[in-house]
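Welcome! Take a moment to turn the model around on your screen, and then we will walk through some of its features together.

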Amino acid sequence: MIYQIYPRSFQDSNDDGVGDLAGIMSRLEYVARLGVDAIWISPFYPSPMADFGYDVSDYCNVDPMFGTLQDFDALIQRVHELGLKLIMDFVPNHTSNQHAWFLESRSSRDNPKRDWYLWHDPAEGMGPACNRPPNNWLSHFGGNAWTWNEKTEQFYMHSFLPEQPDLNWRNPEVRKAIYNSLRFWLDRGIDGFRMDVLWLLIKDAQWRDNPINPDWKPGTSSFGRFLPLYTANRPETHEIVAEMRSLLETYPGERLLIGEIYLPIEELVQYYGASVPEGTEEETHDLTTAAITGPRLKGAQLPFNFHLIQTPWNAHAIACLIDDYEAALPPGAWPNWVLGNHDQMRLATRIGVDQAKVAAMLLLTLRGTPTLYYGDELGMKDGVIAPDQVQDPAEKNQPGIGMGRDPERTPMLWDNSTNAGFTTGKPWLPISPDYTLYTVETETKDSNSALSLYRRLLELRRARAALHSGDVYGVKPTDDGNQYVLTYRRTDGVERMQVLLNFSGEPQTVPSPPGHILLSTHSGRATDGISGNVTLSPHEGLLIVLEEHFSGQSPQLRKRAVPK
């Protein structure tokens, strides 16, 4: 289980209203007690903060806002003392326009670092050169992806803000410099990287226009006007991913490569990479399971699967998603599931507080490594951000169309004191007036809280082999045609468990083999034995241990993959 921490919003240690590394360290015991295996920390590198740290001006240091390298060293030591792992967010696609590399690159056309970024002459035509970008490529944050540099009379390309120029990954010197930056942190003991926008690294060498998107609708992000055929998911990207994986494997122990990749399933799973030559096998682990021998892939161990965020929230759609994803995984691939992050509306806002508990049981009983966004274990909802409180450039550039990410980045809710125990200063983003309903302090005392449910689920996941490393099978809406209840089973080859999830606000009666209830999302449910039918309360999930242990190979059983 991976727990994402957005450092600006987790814990402030120096009363400036912004979270920092020392604040994270002060809360590590909470994270360890929750039962996760690793923390992933969003960027804390030196940065002008045009995009809150995703515009890096130095890959090998800590921004003073977050602390010092000594603070980082103390943090990673404490992380390892608690039996956790630390995964760093890394931003390989672009730097800040204040990075020393870019300052050199833009200084002249013959500077040695000119080709470290994507520079191009204006398109042919009439009118001022500065009004003729090379092609129709667009920024994810709205507007053109090209910015004019008056001094050298060329445009540079940026997938996001003009303050975030894209690196030229076709240049071997760029690759070497980035890989040296990875080594800097690996040498300090980190356990892996989450690679930001990994599928965007390579752009078309012929600079071709992207095709028109026939499904784009006015009033949505301008980026969607064209299909990013030539600016995303280029075939050469897989070579880079394999190089990154190879670099990590030169270090002892287990180092994890995660890729942020928003692509359809059939394209997403290609980022696991091809297998090493036939006959090469090794023992591998994911973050929760014991070693299992099998083929080794050479791509990312976890290309992040965001489809639970994007899929309609109903039993039929999610059953199809699980089936499609499991079927698409290459041999040796270990699945993963994500329900929220710093770029997405919070889970409890997206599907409702009651269904968020159903989602918790789904996330923590599916096969694979789950990722949890800080505060989702409390049922935290999106914050309310007034126009004069907006921080996010995505909202400022395209206001009023839902691009803003501030609501899901509001501070963690620790206790019932002023500012929820996050800071004694003024929080960088506002805290909801009803925060006392969702704090760690409040929910620790409530056996029916989201936090209590997550702790129990994580405890069971760690203790029961069927849940943490077993197979999944029988994924479907229930046998009687009930489209409101999703069911699937997990087995380690001996014990069998059944999961029943009610996606509706009404009671649902469905069939179940004999067994007993191990856990309900509703704390009042008795752990009685069941046989024949079971009635789920509205928004209830059940984890059932079946009486009949598994025997024999089922034709529906998933082929066991190697945990990564």
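A pocket here is an open set of grid points where a 1.4 Å probe fits, with protein on both sides within 12 Å along at least five of seven lines, and a residue lines the pocket if it has an atom within 4 Å of a point. Please keep in mind that this is a predicted model.

**The largest pocket**

With that idea in hand, let us look at the largest pocket, which has a volume of about 1300 Å³. Its lining is made up of 39 residues. Which of them lie nearest the centre of the pocket? They are His140, Tyr262, Asp343, Gln344 and Met403. The lining divides into 17 nonpolar, 12 polar and 10 charged residues. Two helices, H8 (307–310) and H12 (393–397), each supply at least two residues of this lining. As background, rolling a probe the size of a water molecule over the atoms shows where empty space is left.

**The chain as a whole**

Now step back and view the entire chain. Its secondary structure comes to 15 helices and 19 strands. The radius of gyration is 24 Å, close to the 24 Å that the globule rule gives for 564 residues, so the chain is as compact as a globular protein of that length. Along its principal axes, the C-alpha trace spans about 75 × 60 × 50 Å. Buried residues make up 60% of the 564 residues. Among contacts between residues at least 6 apart in sequence, 70% join residues at least 24 apart.

Let us zoom in on some strands. Strand E1 (residues 2–5) and strand E2 (residues 38–41) run parallel and are joined by 4 bridges. Here Ile2 has Ala38 of E2 as its bridge partner. E2 is also joined to E3 by 4 bridges, and these two run parallel as well. In this pairing, Ile41 has Met88 of E3 as its bridge partner. In a regular strand the side chains alternate between the two faces of the sheet.

With 0% relative accessibility, Phe90 counts as buried. Leaving out residues up to four places away in sequence, Phe90 touches several others, among them Tyr45, Tyr59, Ile178, Phe193 and Arg194. The C-alpha atoms of Phe90 and Ser452 are separated by 32 Å, and these residues are 362 apart along the chain.

**An antiparallel sheet**

Strands of a sheet pair through backbone hydrogen bonds, either parallel or antiparallel. For the antiparallel kind, look at the open sheet of 3 strands in the order E4-E6-E5. Strand E4 (119–120) and strand E5 (146–149) stand at the edges with a single partner strand each, so one side of each is left without a neighbour in the sheet.

E5 and strand E6 (residues 154–157) pair over 4 bridges in the antiparallel sense. Across this pairing, Trp146 stands opposite Met157, and Thr147 stands opposite Tyr156. Trp146 and Trp148 point one way from E5, while Thr147 and Asn149 point the other way, and all are buried. E5 and E6 form a hairpin with 4 residues between them.

**Positive phi angles**

Most residues other than glycine have a negative phi, and most peptide bonds are trans.

| Residue | Phi |
|---|---|
| Glu153 | about 55° |
| Trp207 | near 60° |
| Asn233 | near 55° |

Glu153 sits in the turn of the E5–E6 hairpin. Trp207 is found in the loop between strand E7 (192–195) and helix H6 (237–248), and Asn233 is found in the loop between E7 and H6 too. Asn233 is buried, with a relative accessible area of 19%, whereas Trp207, at 24% relative accessibility, counts as partly exposed.

Conventions. Residues numbered from 1 in each chain as written. Predicted model: local features only at pLDDT ≥ 70, side-chain atom pairs only at ≥ 80, totals over all residues. Heavy atoms only, no water. 1 Å grid on protein atoms, 1.4 Å probe; cavity = no way out; pocket = protein on both sides within 12 Å on 5 of 7 lines; lining within 4 Å. Points joined across faces, edges and corners; volume = space filled by probe spheres on them. Nonpolar A, V, L, I, M, F, W, Y, C, P; charged D, E, K, R; others polar. Pairing = 2+ DSSP bridges. Rg over C-alpha atoms; globule rule 2.2 N^0.38 Å. Buried < 20%, exposed > 50% of the residue type's maximum accessible area, 1.4 Å probe, protein only. Contact = heavy atoms within 4.5 Å.
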